[in-house]
Number of protein chains: 2
Amino acid sequence: MPTIDPDRVMGDLKRLAEFGKYKTGVHRPTYSEDDMAARHWFAGRMADAGLEPEIDGIGNVIGRGKGNGPCILTGSHIESQNYGGWLDGSLGMVYGLEAARAISADPEFAGAVVDVGAWADEEGHFGILMGSRSFCGEVTEEEIDKAADPTRGGLKMRDALAKAGLAGRPRRQYEPNRYIAYLEAHIEQGDWLEANDLRLGIVTSIVGIWQYRVTFEGVQNHAGTTRMAIRKDAGLALTKLCCEIDRVFPEVAGPRSVWTTGRITLFPGAPSIIPGQAEMLFQIRDADVAVLERMEKKLFELVAASDAAGPCRAKVEVLRKSTPAMMDERVQAALEAAAERHAPGKHTRMPSGAGHDAQNFARHMPAGMLFVPSIGGISHHWDENTKEEDIILGAQVFTDAVAELLRSAR
Amino acid sequence: MPTIDPDRVMGDLKRLAEFGKYKTGVHRPTYSEDDMAARHWFAGRMADAGLEPEIDGIGNVIGRGKGNGPCILTGSHIESQNYGGWLDGSLGMVYGLEAARAISADPEFAGAVVDVGAWADEEGHFGILMGSRSFCGEVTEEEIDKAADPTRGGLKMRDALAKAGLAGRPRRQYEPNRYIAYLEAHIEQGDWLEANDLRLGIVTSIVGIWQYRVTFEGVQNHAGTTRMAIRKDAGLALTKLCCEIDRVFPEVAGPRSVWTTGRITLFPGAPSIIPGQAEMLFQIRDADVAVLERMEKKLFELVAASDAAGPCRAKVEVLRKSTPAMMDERVQAALEAAAERHAPGKHTRMPSGAGHDAQNFARHMPAGMLFVPSIGGISHHWDENTKEEDIILGAQVFTDAVAELLRSAR
């Protein structure tokens, strides 16, 4: 079996963490100077590994291997969340690169190929998983024309691409029939593995994310002179809906469902004015469409009940609905066999509560994902971390699974 | 009795509404060009009426009458809320000026004096009722140094005063023993008069406004990967407190108490992140300190209960506590007698739910206020309005009451 080099894995991860270093994490928004420097450095590491690297017109860094044997695509992302962690994305990139290096160094696998891709903007600074969708042929030029980053003053994606030196470059798409599978590794970002004393997660599916805006229309008025009896306080109506959701959602949710109100805005938002309008962003996630549908139905019922009860009007609109993606059974079996070999009894099959590029590839080829534990379940924060022994274990298990799939395809 | 000139009252009000005209209202933030133009125009109208006008170092427009008889101070404000109504402040200014004009024209009142003051920044662009507090000797230079307008990019009050040409001018204070009373007229800003088919309100007291910030500390985490069971969602804890307040406050509140959550902020406020912190601005108003204390005690209990129940920490801090101000009984009686004379049975005594400059003067001299109805109770909005017949009725009743107090002081 191909064997990974732990020092090389840790060395590459630590080097990558220097680009945009922020506290114990990194700040590498997509196409920022630090992000582009990291992409160019990674392309160099691909070339060192014998891959042919290219940064395409959307910033995907694609390293193609040489050989006429079976080929597997691996990948993850290089940019980070704003002020995020050092492993989110980087871990999957280095695992893919290490698998390519270990397999090309193993004479048993002569001719077999591991391609590595860094999918631009997985973190969603400009849109939703645009790099991998572009590589799958699912992004139009118009979508790029319209995309902008709200956290950088509405920076247009086109302007960011031009500043990064990528304007005018062709966007690459995958060659049909080149790949037997897509494999991606990632930190879990939750605490399931840690809480259950496990070291590896084999992803069964990636949850669907359904997102809504609920708006309440009341009457804005003076908070001193308007009697309680005649108020139409949109903020109060909103908080009541939140409490109702908290009360009844457990009845319709599945065991792994999550629901979140991430933003609340009252208008005009002044201490002496009764809010005339209020708005909340609400999101549900589950791997099972039937469960998502049950939760959505309940949300619609609660909003309709709020509207009917008055005194404010309430309405809900759908902002986003991604379909849960099922991971391929053969890929799961290969990951599980490798996990059992290196960490017997210390692995589990589990859904991914977060979105990943693998959900796009799953529509085009057999896809699978491997998770390693997140210490304390912390994610999207510079405190995010994983034990070094788990990082190294994961790299070997990932490489084993890639090798097993290549072997069985001969 | 001195008689007002309805055309002069309406003419002055309509002329004043041209300064900073916005839709059917006005936009005259304190010390803005439109506000200063209105102040200078009003000073001119004071001079036309035989008063000696001066704009002092805080922008108060003070018109002093001549004479050795008893003297009454009247006033209100000239600046408006951002994009506010045409009568809020202006009505009281024109009533005061008209009372001065009508009384000086009446030979019976030879020697009696009506002073008129426009108290700067009653609307609180830079602070809380600073113009009238300055005239009462309660504002330090340091308070002015620190004041800024958050809605104009943190514009410093000092810079605004300098740009308005007021830097270096002395701030005037009232002459001890000059005034037998302070009288102020205002639109009601609520719907109590209209809803009860009344045309005049005699203010008994001005409510105390007690304001709080309640903060919740949870744990920020990924909205996809963090199980419901281990979440510490600060936003959810906040909405539950809002629902509890709504449920139990009627038990401790008085019949005219009001309570308002005007602003809610979740941090970081992203759809895919569980809020790790949440904050709300909460305000209570009542004319009775005992009722305010009951409501405050209940708020503190609810926050402590939220904190004790977990999973988030909750704490409350006091931001502001103004004492309710009682209006003088003799002034109320004079207003009531005048109201009964011109609109029998169509007036009531009532507390003011909004703050007014009269609450400051009440600490220094007998003070009183007269309300006229607000159509639909609308206030702090360009749709604010009052029927012309009510405006004219109010002006006569106000002048009658001023005259009666002057007569009885001879």
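First, some ground rules. This is a predicted model, where local features need pLDDT of at least 70 and side-chain atom pairs count only at pLDDT 80 or more, while totals for chains, interfaces and linings use all residues. Residues are numbered from 1 along each chain as its sequence is written, and chains are lettered from A and ligands numbered from 1 in the order in which they are written.

What is the mean pLDDT of chain A? The mean is 96, and 100% of the residues of chain A reach 70 or more. In case the term is new to you, pLDDT is the predictor's confidence in each residue, from 0 to 100. For the complex, the predictor gives an ipTM of 0.83 and a pTM of 0.83.

Now, how do the chains relate? In general, two copies of a chain are related by a rotation about an axis and a shift along it.

44 residues of chain B are in contact with 44 residues of chain A; contact means that the C-beta atoms of two residues, placed from the backbone, lie within 7 Å. On the side of chain B that touches chain A, strand E12 (221-222), H8, E13, strand E14 (273-274) and E15 each supply at least two residues. Those labels are DSSP runs numbered from the N terminus: helices are H or I with at least four residues, and strands are E with at least two. By class, this side of chain B has 17 nonpolar, 20 polar and seven charged residues. Nonpolar here covers Ala, Val, Leu, Ile, Met, Phe, Trp, Tyr, Cys and Pro, charged covers Asp, Glu, Lys and Arg, and the others, Gly among them, count as polar.

Next, the sheet. Strands of a sheet pair through backbone hydrogen bonds, either parallel or antiparallel. In chain B, four strands form an open sheet in the order E13-E15-E11-E16, with antiparallel pairing. Two strands count as paired if DSSP finds at least two bridges between them. Which strands are at the edges? They are E13 (258-267) and E16 (313-321) of chain B, each pairing on one side only.

Follow E15(B) with me. Strand E11 (residues 208-217) of chain B is joined to E15 (residues 277-286) of chain B by ten bridges, and Phe216(B) has Ala278(B) as its bridge partner in E15(B). E13(B) and E15(B) pair over nine bridges, also antiparallel, with Thr265(B) partnered by Glu279(B). Is E15(B) mostly covered or mostly open? Mostly covered: nine of its ten residues are buried. Buried means 20 or more other C-beta atoms within 10 Å of a residue's own, exposed means 12 or fewer, and partly exposed is in between, with C-beta atoms placed from the backbone.

Across E11, E13, E15 and E16 of chain B lies helix H8 (residues 234-252), at about 20 degrees to E15(B). Axes are lines fitted to C-alpha atoms, for helices over the stretch in contact, and angles run from 0 to 180 degrees between N-to-C directions.

Chain A has an open antiparallel sheet of four strands too, in the order E13-E15-E11-E16.

Last, the backbone details. Most residues other than glycine have a negative phi, and most peptide bonds are trans. In chain B, the peptide bond from Phe267(B) to Pro268(B) is cis, with omega near 0 degrees, and Pro268(B) sits in the loop between E13 and E14. The bond from Phe267(A) to Pro268(A) is cis as well.

Leu129(B) has a positive phi of about 50 degrees although it is not a glycine. Leu129(B) is in the loop between strand E6 (113-118) and helix H4 (130-135) of chain B, and counts as buried because 24 C-beta neighbours lie inside 10 Å.
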